[in-house]
Structures are given as C-alpha cells and as structure tokens.
Amino acid sequence: MLGSGKKAAPVKNGAGTSESKSIDPLRNLGVKDDEDIKLMLQGSSMVKVRSPHWQKRRMLKLLDDGVTVWCQSHKTFSRAKEQQSFSITEVECVREGCQSEMLRRIAGSVPEGRCLTVVFKGPRKSLDLLCQSPEEAQRWARGIRTLQERVENMTQKEKLDHWIYAYLRRADQNHDGKMSYEEVQTLLQMINIDLNEQYARSLFQKCDMSADGRLDHGEIEMFCRELLRRPELDTVFAHYSANGCILSTVDLREFLKDQGEDPSLIHAQSLILTYELNEWAQKNQLMTPNGFTMYMLSKENCVFDREHSRVYQDMSQPLSHYFISSSHNTYLTKDQLTGESSTEPYIRAMNHGCRCVELDCWDGDGGEPVIYHGHTLTSKLPFIEVIETINEYAFKVSPYPLILSFENHCSVEQQTVMAKHLRSILGDKLLTKPLDEVEPHCLPSPEALKGKILVKAKKECVVEESSSSSSDLSSSEEECSRAEGKPKSRTDSKKQGMSKMSPELSDLVVYTRSVPFKGFEQADRKPATDMSSFSESDALRHIKDSGKYFVRHNSHQLSRIYPSGQRLQSSNYNPQEMWNGGCQIVALNFQTPGEQMDLNQGRFLPNGQCGYILKPPFLCQRDTTFDPENVGGGPGHRPVLLTIRVISAQQLPKPEWDKPSSIVDPHVWVETHGVPIDNNKKKTHRIDNNGFNPRWDCTFNFTIHAPDLALVRFLVEDHDYTSRNDFLGQFTIPITSLRTGYRHVRLLKVDGSSLSPASLFIHVKITPCRSSPSKSPSKSPAKSPSKSPAKSPAKKP
C-alpha cells in the first residue's frame, strides 16, 4: 500500500515558510527569461517539406511543459496526433541550412538561411522546415539546443517534477487547473498504477485541504508527493540513523563507508550542504529523510561509476589494443534490400561515439560516385554528401580517430573523384602520411591520431592470389553472393571488385591497409598496419577452434568483423563473442535496436563514451595464453561473486501500443554477458498492476570468472500471458564500471535514449572468490525473506 496514515501537510523549508508554489517547468529549466524560448512558446508558422512537391504550412509551438513541441495540422486520428508532436529528449541534433538530402534537392529554390532540419533519435524521419526568416531559423535551432542542454543537466527531482507536470496537464480534462476525483483516477491510470479504491479516495480527501471536492495546484502537488514517497529509501535511512529521525555526520559516514565511497568528515559535510534543504539541519550538520532522499536520487548515486564518464584510460597504446565502436552499412536506415540510404545514420552513429563507419561506393551518374547496398533496391546517396556530413560531425563527440571503412566497387576514374573529394572536404583532418614519431609498420595510438580521419581500404594495385578465407572478400560481396544463394568465386570477385586501384585513393591508405587473411602464421609475419575483415561465422570459427592464436593475432593487428550476408533484415550477431577473442572493430547494424546494440552501448559507455575502450592486458600481449573458450586458471581468470538485489522500480512506462486503461505487470531480468562460462540470466517474480513503484526485493548471485570482459544487463519487461513479453526498459554496463552499495539504474529506451525518470533501485556487492564454484544458473528467482536492506540488522553503537 502506498503512502502512510499521517496527515499530509505543506512542506516547510528552513525558514519556516510554506512551499505551495505549483511546479513551473520553465523555471525548473532556467529558461523563463530566454528570448529564444519565448519565441518558441508563442509559436511560428513554418513550411514542412517532404518532397519538392509536398510542402505544407504548419504551426510549431513549444508547449508550457518546456520539452514538447507541437506541430499543428488538421489530422484527427490518434496515431497521427502523436506524430504531430515531439519531445526535446527525442532530438538527436538540429541542422541549419540545406543539410538534409531533401533540402539539398530544393536548395536552389529556397534561401538556405531559412532552412532547418530536426534529426531524431531512432527510426523517426527527420523534420525538414522552411522558416519565415533566417533569424527565426537561428532562434529555433538555438532554443532547441538550449533546452537539450538544460534537460540533460536536470536533477532527478527536477525530472520527477517535469514528469508530474506532464501527466497533470493531460489528466486535467477540463483545463481549469484543478482536479476532481474522477480526473485523479484518470491520472492514476496514466502513471501506471492500480491504486486501491479506498486508499485512493482517502488520500484524495486528506490532500483536499479546502474540502471542496477538487484539488488545486498546491493540493495536487501534495497528492503527487505522497504517491512519490519511497518507503524503501526510508528503510535504508532508518537503518543508518542512530535515532530514526536524522542522520548525523557519524551515521552518514558509516553509510558512505558501506557504499564504498569517501567516508571522510569533509565529504559527509559537503553532501549535507548540497542536498539538505532544511536550514536548521544544515547548520547542525544533520541530514533529514528528505535530504537523504534528494541525495539518493541524485547522479551521485547512479550505478555507473562517475569517474568512468570521462576519458580515464591510457590512450597512448597501439590501436590494436582497443575495442573500437564500429558500424556496418552505416548509410542504411532499415533493411539491406529496400531500405533508404541517408546521411542521418552517419550523424546518429558518430553522435553515439562510433569511430568506424562504412561506405559502400559504386559508380554513379555524371562521374560522381554514390553510396548504397549494391545489387539491391536501396536508394543511392551521393558520396560527396556523406563526406561533407562526416567532416561536420566526425569529432563533435569524440576527439579520437575516425576510420572510414571503404567497400570499393568504383572504376579507377571514380576512385580518383573519391580521393579528390576526401582531400578537398576533409582537408587537414585526413591522414595522408605516416606520423613522424611512429616507427614504420607500427600502429600509432588513439592519442597520436587525435582529430584524424583514416581510410581503410585495399592499397595494392592488383588483387592478391586466392585464399580459402571469406575475409578475402568484402562484406558487400559476401552479402550479395549469399543473398543470391551461390558461393563467391575469386573470378567473380575480380569481375565485380577492383583489379586496379586509383593511385590517388591508394595513397590515402596509411595505417589500415585491407588484406586477405591467409592464416595466423603468415599474418604474424606481416606489419601491424595490415588488417583483415572476417565474416561473423569465420570469426566464431577462429575463436572456437584457435582462440588463443586469434587473441594473439588481435594483439598485433586490427580485425574487423561484419554480419553475415544472410541477415537481410539488418539483424545483429552477438558482439560479446568477438570481444572475447580480442577483435577490435566489431561492426554492427546501428539502425537495428535490440540486445546486441544494448551490449555495444554498454561496452562503450565508459571512458567518456569516446568510442575507444582499452582491452584488458591479457588481450594485448603477443605471447598471451588466454583462451576465451577455456579461461580456467589462465590469464584473465579473476573470479568474483557478484550479488545484485533488485529492490524496486520507479515510474515505468507503458508500451506505446497499450490501451490507456491498461497497467503493466513488470518483472526484471538480470543478465551477465562475457566469456561462455559467465553467460547467465535470472528473473524476478512479476508484480501485477503496478508500473509506478513495484517492489521485488529479489537477490541474485553470479560467479564471474573473467570480470574484465563481462557486462551486466538489466531488462524490464511487461509480463504477457498470451504473447511475447513487452520491452519496458534496459541498462547495460561493464562490471568494472559498477558501483557497489544502494544505487539507481537509469533505464533506457529500446533505441538507447533516456527513459527518464524510469529507474530501478538495486543493491550491488562484489567480492573476490578464493575458489571458483561451478556455475549453476537458477531458473527460479531468489526472493529475500525480508524487505529490510541487505545489511546486518544489528544497530550501530
């Protein structure tokens, strides 16, 4: 049961005055006096552009929640209405001028300064707009960026306030600023909770201080605050409080010690000054339950180690010593047969730290090369537009080198055009010669290559002799051959591939020369600047049959792994298996969300999300004996016991397709991904009819044998009796970036964007194992007998 039997009262601040102000989203965001935001609130008439012939006027207006932009049209059906608005949190970036494919097509007929493109996260198509003046376009672009920055920096309390406001606005059906009991019932359905009728009515009456049967602003906020109470946080607070009412600095330091954090007096005092709102408590160096709740909801208590949110790893080692975030068929928005080609996937990939993008180049009309998935119905994209986009976005998120992986199917003449565009557009960013300070035939470091773009392609003028490995073929060639159901011969490859290369393009290949793989022994004699590509099946075969030798190979040379040509729907393979073998460039279809992309996002979450992760030492040594299929007792074998207690969740969403009256029945999977012996998953029981604040208190134990390679994935689903469970949210993180103690897990959407304020509340404990117990996955959830914190119940002296 939510809430308590105590009489609700207006919250008092330290000065003793009542905080009865209603939530003001614009004040929360700090943009109330921003002139650009004022313009957005007034609204602007713009032209929405879909094609040279489809251009219609729309009114764009920022709603008073400060995060929703309404695009007014005359559509009436519900799905269309949803598409008429977008949230600032859904925006990837804003591009000014004729920067999209569509606006480029009409560039000659409209003033470029009036054009604006809103690029969204995930599969939603970009919004191309024609404003009434260049100033209006600039102010909208500036305003959206301002809101993006402010939303990103909001505290969890401010996010909760925003969340409350958005639902209150929707539930207030007659828009009178007050809520009847019927409107409150609508609100409860919206926020995903099936509240006991008797309790809901009693809570309503308790908050109805004016006794007029309707809640005004202050009373509504009081009602919501009562719903948002966190009994599990109160339990933790009571456990550490010597008197059950406040935390002294001694109590707080004990809590910090158990959390594995700095338990110094100075740190405890700084937390009280930062999070305690009660002036009396602050002066006396005490923390109240409200202050403790504020602290626990802050970023300081996220499960992800904050030190890992910056570049903290050694970036001066050779490129082969890093996992590199990599995209396959980067230009595609959907499948490999009929999907649209676009520059937007390049923007999304680079904005998410991707450091290796793919370009499939073919001869185009008018002597200009194009990019598309050859021999399919995918649309064609001018090569020059992709290079211009790469030039603009290559280093906006990460300063470390970007690799352009070329699948070259062009004639010598159009290869020369490619080289010309690369040099003229990329300028000094393009690496055209070896670095002076690096030994010949050795790979430089990401630090030495900062701000540089590398070309990965074949360098020789004539294709080498035949080999037995499919890595001799390009990924596009293998995909085409498998789609046609026939093997690809070297003769065919020579016909479709290049028997000659343009010297101008070949000269641009410096440290990433594509060569066929002809066995580990021969590759070991080649320079580190040679690299090979492997299909997922070939890579898996090497890992399983010759794991130790593949790891040694990858300590010296770069390997690129690409999906099977049979994945026509752009599905993905499991990247973890490739990382276990030390493969650096594990290319995935970024346009296809799912478990595999969750793992990829989790792998590259640390180190400032720069796209480079330093491999463990046992994957970097030329004479390593690490075998990913058998880690027992060898290098990398450092077993730990990972104990995760899933306590509760907060503000889980409903699946988009659910009926308004439906309420989710959530359960949580905790999965571990790593070397084969470390792969495991366990599930909590389900909680019926509560997505608002479900409580599980389930404890799971995992023995992790190679923690330096392991990831933990938290997956929340809505249990369905008749069909597949619905995805609600997930978060994936390396075990080495986990923080111990009581932590919040900020959940992500299926496309990897924030699901704020949805979260899990968990407790994490990691202890070294002296011996390695055998793996025994549990199929049934381990439920703790008590709902008290996972700590000895004995009180401190």
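Predicted model: local features only at pLDDT ≥ 70, side-chain atom pairs only at ≥ 80, totals over all residues.
In which strand is Pro 757 found? Select residues 754-768 to see the answer: Pro 757 is found in strand β28. Ser 756 and Pro 757 are joined by a cis peptide bond, with an omega of about 5°.

**Confidence along the chain**

The average over the chain is 85, and 86% of the residues score at least 70. Then select residues 1-21, where pLDDT stays under 50; the model has 36 contacts beyond four places in sequence for this segment. Residues 480-499 form another selection in which pLDDT stays under 50, and here the model has 35 contacts beyond four places in sequence.

**Helices α7 and α8**

Next, select residues 181-190, which are helix α7, together with residues 197-207, which are helix α8. Their axes come within 11 Å and cross at roughly 125°. That angle makes α7 oblique to α8, and the crossing is right-handed. Display the side chains at the contact. From α7, show Tyr 181, Val 184, Gln 185 and Leu 188; these meet Glu 197, Ala 200, Arg 201 and Phe 204 of α8. By class, the contact of α7 with α8 comprises five nonpolar residues, one polar residue and two charged residues.

Continue to Ala 211, found in the loop between α8 and β9 (214-215). Is the phi of Ala 211 positive or negative? Ala 211 has a positive phi of about 55°, although it is not a glycine.

**Helices α10 and α14**

Now select residues 231-240 for helix α10 and residues 289-297 for helix α14. The two axes come within 10 Å and cross at roughly 115°. Helices α10 and α14 are therefore roughly perpendicular to each other, and their crossing is right-handed. At the contact, Leu 233, Val 236 and Phe 237 of α10 meet Pro 289, Phe 292, Thr 293 and Met 296 of α14. The contact of α10 with α14 has six nonpolar residues and one polar residue, with no charged residues.

**An aromatic pair**

How many aromatic pairs does a search of the whole structure find? The search finds 18.

How values were computed
Residues numbered from 1 in each chain as written. Heavy atoms only, no water. pLDDT = per-residue confidence, 0-100. Contact = heavy atoms within 4.5 Å. Axes fitted to C-alpha atoms, helices over the stretch in contact; angles between N-to-C directions. Helix = DSSP H or I, 4+ residues; strand = E, 2+ residues; numbered from the N terminus. Parallel < 35°, antiparallel > 145°, perpendicular 65-115°, else oblique. Left-handed = near helix turned anticlockwise from the far one by under 90°. Nonpolar A, V, L, I, M, F, W, Y, C, P; charged D, E, K, R; others polar. Phe/Tyr/Trp six-rings, centres within 6.5 Å; stacked < 30°, edge-to-face > 60°.
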